[in-house]
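Then follow the stops below in order.

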Amino acid sequence: MPKITKNKVSIKNSTVKDKKDNTIVKNQLSLPVKSSNSRPMIQVKNLKKNYGKTVAVDDLSFDVFKGEIFGILGPNGAGKTTTLEIIETILEKTSGQVLVDGLDIDIYPQQVKNIIGIQLQTSGFYPKLNLIESLNLFSDIYNVRIDAMAILETVNLVEKAKSYVDSLSGGQKQRFSIATTLVSDPDLIFLDEPTTGLDPQARRNLWDMIKHLKAKGKTIVMTTHYMDEAQELCDRLAIMDQGKIIETSTPNQFIAELLDRGFTKPQPTLLASLEDVFLDLTGSHWRD
Amino acid sequence: MQRYFRQFIGFFITSFKALWRTPSGWLFGFLFPVVFVVIFGYISNDSQPTIRVGLVYDDSSIYEPIKKSFESSSIFVVTEKQEFNSLSDDLANGDLDGLIQIKSKTEVILISNANKPQNVSSIVQVLDNINTQLTLSQNQVESKAFEIDKSELNSRQIRYIDFVLPGILGYSIMTSAIFGVAYSFLTLRKDNVLKRFFAGPTKVSAFIMGESLSRGFFIVLQNILLLAVAAFLFNFSPRNGLTGFAEIMVVIVIGLITFLGFGYLVAGFAKSDEVISPVANLIILPQFILAGTFFAVSSLPVWLQSITKFMPLYHFNEAIRAISIDGAHLHSNQVLIPIGVLIIWSIVVYTAAAKVFRVR
């Protein structure tokens, strides 16, 4: 009997919470929120992660909508990777709730693992295997049929198909890492600093790849340290620091708000950047 | 289920390919043991200081003088038995160099080990001497006191290689299982390979089973090659031929399971490369030295012997030698008891390994 009353109380609490959430959503309605009628791809509620006494992620709540590219920005140690790895079911959270495509990751971790593609910031591959063998192993893990060459084609690694993963350059490894996320053709893809360490050509080509994935209807959550990348790719951004989201908005809205606060750049902006010069001189085709 | 099986097969094939392509696996698992086998195969133990003679009599009249003349020389070790059959078994097993049966006052039968001609001629020399003495004492001139009826038996010759090969098998299985599992697991964990696998829907047991089976398969393959090399170079063969070979394989598989478990245990404990070598050697070296790899445990002091009886390698070696040297079968206690001990070790080690196993 006392249990039932407790439940009632908790239900009441949750309804109160929902109302609060609604008001937050209403506040956010001024922003261009997509597909408000469909369920968000990811719902994160009051997520917390402590390592002993240090708080890595502090009471995070955010939604990622279907079909968008959602960027998480923040300095090193802000908690970006920790947040991603909790949603990816790699790390245990301390408290809070995470739903991926409506599935609670605590209750359905295996189902969640099946519908997501993961590119880890640092990830190695089974030694002494060539790229095709390595991709085939992932197809066994996800129990899917793949055309390994077609996947390598999308990351421009066809000519390395028979090379060992150990022999790839840093940029090639990064691309191969993204290739492994495509094996299960997931609806939700996590990219943790996908372009770190890449040359400008590879970076731009990866941007095209990511845009192509979005055009195919995939939802993408990514972290990056490059602001131009965030501006170019992301529909919405969450800016994190010290385990907290400071603000979530669209890139343009962020810039507009900053200008509204009276911000002016000390130097006039050049009409071209050094990167534009570099790309103009060296071309934009894949390297290494 | 289909999904689980596919993961298992995937890991099995992947891991086997990777093992096949890794030179150090061949170096430690095959080349070093072969070098051991070749070195010890050429160590000859023909220069045995003692000559073992078995005595049995139907007629006791000339028994005492014959026995005394053999015992007077320290070269000979005399075994007396009432049963002729028991002594002839010893001869066939290679435990005796010659068997002397005194049929009557005038008839002595010598059956000798055909593989030890020098030893046999020493025995014949002693018999001739005593014959001359008896002839003189009996004042017979024209005929000898007794006739020596000589025959030869192709008895089994236990060479050092026959003893040491099971030891080398055990050592190579233990080393490649423990070091192989520990290093590869630590590397996979450190390089975030496991993290990536388990970020996907990978079943831990499918992964462990696939890895273990491929490693086990690889080690068994290397040991078959090793046995083939020993058979080719030194004519090594288990007592019961192919049956014995198959029985040795069964024991190898059981030993492998035990030693792979030790590998997982070390991999679970070790947080870095530097830890693996000392921890693994702590398990390997005492067994390598004491548990009968190069010399029989019975030659150790008794207190040390009782310590070695706890070691899995000792029981592995016991079982293999029982099959290959004594011709024991799997269902005989000589093999069953060591196998039982190995299984108990497996249970202990895997329970402990499951507690310390980490993906990250």
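The tour goes from a sheet to a chain contact and then to a helix.

This is a predicted model: local features need pLDDT of at least 70, side-chain atom pairs count only at pLDDT 80 or more, and totals for chains, interfaces and linings use all residues. Residues are numbered from 1 along each chain as its sequence is written, while chains are lettered from A and ligands numbered from 1 in the order in which they are written.

**Stop 1: the sheet of chain B**

Select the five strands of chain B. They form an open sheet with mixed pairing, in the order β2-β1-β3-β4-β5. Helices (H or I, at least four residues) and strands (E, at least two) are DSSP runs, numbered from the N terminus. Two strands pair if DSSP finds at least two bridges between them. The edge strands of chain B are β2 (76-80) and β5 (147-153), each pairing on one side only. Twist from one strand to the next averages 20°; axes are lines fitted to C-alpha atoms, for helices over the stretch in contact, and angles run from 0 to 180 degrees between N-to-C directions.

Next, pick β3 (98-104) and β4 (107-113) of chain B. Six bridges join them in the antiparallel sense. Gly98(B) has Ser112(B) as its bridge partner in β4(B).

Contact means C-beta atoms, placed from the backbone, within 7 Å.

**Stop 2: the chain contact**

Show both chains. The contact takes 21 residues from chain A and 19 residues from chain B. On the side of chain B, α1(B) gives the most, with seven residues.

**Stop 3: helix α9 of chain A**

Select residues 251-260 of chain A. Of the ten residues of α9(A), zero are buried, so the helix lies largely in the open. Buried means 20 or more other C-beta atoms within 10 Å of a residue's own, exposed 12 or fewer, and partly exposed in between, with C-beta atoms placed from the backbone. Finish on Gly262(A), which follows α9(A) and has a positive phi, near 90°.

Conventions. Two residues are in contact if their C-beta atoms, placed from the backbone, lie within 7 Å.
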